[in-house]
Amino acid sequence: MKKLLVLLATVLACTGLAAQGNLEEDLDARYAQDLLKALHGAVTPGEVAFVSVSFDRTFEALEKYATENELPGVQLFDPSGKKDSKVADEYGVKWIPSLYLIDKKGKVELGTVVLDKIAGALTGPENNRRP
């Protein structure tokens, strides 16, 4: 791997979370999307790849939302849902959204549900990742 990778496990379209009683996860998922856009613009181009794994109910919901909101990076769809997802199991996703910073060797450097920790790791003054 030649770049850092930010992996976001989420429900990008946020359809149904609030209706299912998961208002807190719905608000967090929307915040993660805004953070992803801000981070994409704050890091050195080509140094960090952004990948979102979405557990939306349908691919069409994900595709429509990603297009309408001009989400950066690669958008992947996991039709198995968060509970049955191999990706969610491998990374220990318990909450939507969850973020992971994966180093250039493929090792998870940081896994968190605290979105600002990823922002700090990528753009904080203590590192050289900001242009």
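Predicted model: local features only at pLDDT ≥ 70, side-chain atom pairs only at ≥ 80, totals over all residues.
Analyst: Start with Tyr 91: its relative accessibility is 31%, so Tyr 91 counts as partly exposed. Tyr 91 sits in helix H4.

User: Is Ala 88 buried or exposed?

Analyst: Buried means under 20% relative accessible area. Ala 88 has 3%, so Ala 88 is buried. Ala 88 belongs to helix H4, which spans residues 86-91.

User: What is Ala 88 in contact with, leaving aside neighbours within four places in sequence?

Analyst: Contact means heavy atoms within 4.5 Å. For Ala 88, the partners are Phe 55, Lys 82 and Val 93. Take Phe 55: 33 residues separate Phe 55 and Ala 88 along the chain, and their C-alpha atoms are 9.5 Å apart.

User: Where is Ser 85 placed?

Analyst: Ser 85 lies in the loop between helix H3 (81-84) and H4. Its relative accessibility is 3%, so Ser 85 counts as buried.

User: Which backbone nitrogens lie by the side chain of Ser 85?

Analyst: A polar contact pairs N or O atoms within 3.5 Å. A polar atom of the Ser 85 side chain lies 3.1 Å from the backbone nitrogen of Val 87. For the backbone nitrogen of Ala 88, the distance to a polar atom of that side chain is 3.0 Å.

User: What does Ser 85 touch beyond four places in sequence?

Analyst: Ser 85 touches Phe 55, Asp 78 and Ser 80. Phe 55 is also a contact of Ala 88.

Methods
Residues numbered from 1 in each chain as written. Heavy atoms only, no water. Helix = DSSP H or I, 4+ residues; strand = E, 2+ residues; numbered from the N terminus. Buried < 20%, exposed > 50% of the residue type's maximum accessible area, 1.4 Å probe, protein only. Polar contact = N/O pair within 3.5 Å; in protein donor to acceptor, adjacent residues only side chain to side chain.
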